[in-house]
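The following note sets out several points on the structure shown below.

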Amino acid sequence: MHLTRPRVIPWLAAALVAVAPACRSRSGSAPTRVAIGATLPLTGAEARIGGFFKEGYQLAVDEVNQRGGLQVGGRKLPVALTLLDDTSTQATAVNLADRLINSDKVDFLLGTYASHLVQAQSAVAEQNRVPYVNGGGGATDIYRRGYKYLFGIIAPVELLGTTLMQWIDREQKAGKLPRPAKIALLWENTAHGQDFRKGVSEFVNTSGGGYTVAVDESFELGGKDFSALLGAVKAAQVDLFLVDAHLPDYITIHRQYIGAGLCHPVVSYGARGSEKGAVEALGREHVSYILSAVWWNAQLAQTIPQAKAFAEAFQARYQRAPEWFQALAYESGRVLFTAIEQAGTLDREAVRAKLAALDMPSLLPGGRLRFPADKGQQVQNSFVVQQNMPDGSSPIVFPADVATARGVAPNPNCKR
Amino acid sequence: MQRLVDMAVSAVLLAGLYATMAYGLGLIYGVLRIVNLAHAGVLMAGAYLGFVLHRRLGLDPYLSIPLVLAVTFGFGVLLYRGLVRHLPRGAAGGPQSLLLLFGVWLVLRNGAYLIFSGNDHVIRTSYSTRAVEVLGGFVSLNRVAVFVVALVPVVLQLVLSRTYAGKAVRAVAQNASSCTLVGIDVERVYAITFGVGTALAGLAGLLSATLFSFNPSFGTGELLKSFVVVVLGGLGSIVGTSLAALLLAVVEVFAILVLPAYLTSAVGFIVLVVVLVLRPGGLFGQRVLG
């Protein structure tokens, strides 16, 4: 014992010297603000939606600051958001995340938009042990990497396919659709499309013979000619035409679909359907009765208090109704701020632990939000199925507890 | 059987679009030996020009063809006079021209982002979703119209082979130095050719805009297809370009019978590699404009 004590003291001193700079940089002086960093695709291919996410982030931050800031350890701290443009490219998203953490010294990160950007950027947050809350990366692969600091408030696209099939199943059981029903399943060759296919296929496999997939094909993003694919759909004489596509492909495919004289009792393009751009491109009469399933819809304000508060605040600030993009961005901020206040400190580990254990009222379908560990900390809230109506509205038709209309099946357009 | 007929009709219509995209690129390479990367930017600009004329002036996209041709021709001539003519020609000028015209493409694209944002736009007319019956199947009226317009540049073949101006262009393509000796204004021929090639790209952009949605990134995939068509057809051959467009379209459309749909567009590139290995000059040889 007498021999070892003198050896321990120098080692202890050396360890303290080594650790001291790190302590000073993050907790040496009392914080005067909560520094949040984020990048968004404000230019480039995803610029339109990046702009929507920016609106949601700014609204969440401004609301907190108008209340005097976040309650952290007995003090009110204002939130400072550093928002950078990642130009819709992975390399920039990664570089800027690194800069935000190591140069700008932000405390926490809010995520960018688009699965491929979130996938790349969240790795930087994980390496630096910075909590990263995002509403823009829905692909399930992102959450299968065992990351501890990544939290997704965007439900997996698999559930999109499942929720859509649940509505179809209800209509089939009501005798409005044939049993068994033949499905044409077309999906874009991306993680998004693969997840959609998985959701629909798994539902079909457990349906007890209620459905058969007659056409199961993927297609390349930005394709020009879908006539061969639509020819296969026509030859298979299906009942349900289910596609997962981005907006430009939805417009291209549906134009060629109409041109080929096709019509099916159920038509869906996944998350696409009610967009203003699609109505302009295709005409209201040609998008009527198309189903789409989305993460959020402003009509949820009728049944969920948090959705109502958000929709009213957004309307007051931007003079228009929000879409799911702004809602998920806003909720990302709100969730992170809630965890910080619950932790009562800016310590990243403490906030991460609070996020992991969070179970709070939410504006999302279902009204509550939590990050299940067995799903890689990605929320599992249901989608809402909406249907375009001839009058231009798109009411929620499923789930029943938030539905604002019954929904129409089979597609009346096919009778004409 | 009807499905095969429908596919054949689709292939022919698609070929018309591919050929229109590729004519301008082939013409400029055939005469100036320059790979015009700004082709993609002009395709995009043609689409937006048609969009603005339709949205602001209510001009039907097919009626706006002369205007789009005139504007993009003027842009091409200015681009040549202002920038391209200062570059070295032939293999020596390859990297410079690639970089310069790539830069022009980036400027056009980012300019469009500034003006129109990254949102997708479309041109919708009363006949956008109308169909006509062809050989027992239905095809979009718009696609038929695009195919008919795509046949018009084939007239260029007649102009090149029958008129004095056309012969001058072909002569310059063969030997510019000798042309100077016999009194042909080579620089003027180059400027006009660059203008015509650019105008054809603008036309292709306008026609594409009647079929597809577009944003400032539009043109990238179209440029790749154009390369495949031009190289398959034999650089500088207009008839070859048309036939190569047909071959590419037939291969892509019928590939779905044996391949997953997402692989069909890759088939065109496989055909390109095979042709380049077996016939490096393209299917129809390295002719000089016909």
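1. In this predicted model, the C-alpha centres of domain 1 and domain 2 of chain A lie 31 Å apart. Domain 1 of chain A comprises 34-155 + 301-375, and domain 2 of chain A comprises 158-294 + 384-415; the bounds come from an automatic or database domain assignment.

2. On conventions: residues are numbered from 1 along each chain as its sequence is written, while chains are lettered from A and ligands numbered from 1 in the order in which they are written. Local features need pLDDT of at least 70 and side-chain atom pairs count only at pLDDT 80 or more, whereas totals for chains, interfaces and linings use all residues.

3. Domain 1 of chain A contributes 10 residues to the contact between the domains, and domain 2 of chain A contributes 11 residues; two residues are in contact if their C-beta atoms, placed from the backbone, lie within 7 Å. The domain 1 side consists of four nonpolar, five polar and one charged residue (Ala, Val, Leu, Ile, Met, Phe, Trp, Tyr, Cys and Pro count as nonpolar, Asp, Glu, Lys and Arg as charged, and the others, Gly among them, as polar).

4. Chain A contains an open sheet of five strands in the order β4-β1-β5-β6-β7, with parallel pairing. Strands (E, at least two residues) and helices (H or I, at least four) are DSSP runs, numbered from the N terminus, and two strands pair if DSSP finds at least two bridges between them. β4 (79-85) and β7 (150-152) of chain A stand at the edges with a single partner strand each, so one side of each is left without a neighbour in the sheet.

5. Strand β1 (residues 34-40) of chain A pairs with β4(A) in the parallel sense over seven bridges. Within this pairing, A:T82 in β4(A) is the bridge partner of A:G37.

6. Chain B has 12 helices and two strands. Along its principal axes, the C-alpha trace of chain B spans about 60 × 50 × 35 Å. Buried residues make up 50% of the 290 residues in chain B, a residue being buried if 20 or more other C-beta atoms, placed from the backbone, lie within 10 Å of its own.

7. At the interface between the chains, 28 residues of chain B are in contact with 36 residues of chain A. α1(B) gives the most to the chain B side, with five residues. That side of chain B divides into 13 nonpolar, 11 polar and four charged residues.

Note on methods:
A residue is buried if 20 or more other C-beta atoms lie within 10 Å of its own, exposed if 12 or fewer, and partly exposed in between; C-beta atoms are placed from the backbone.
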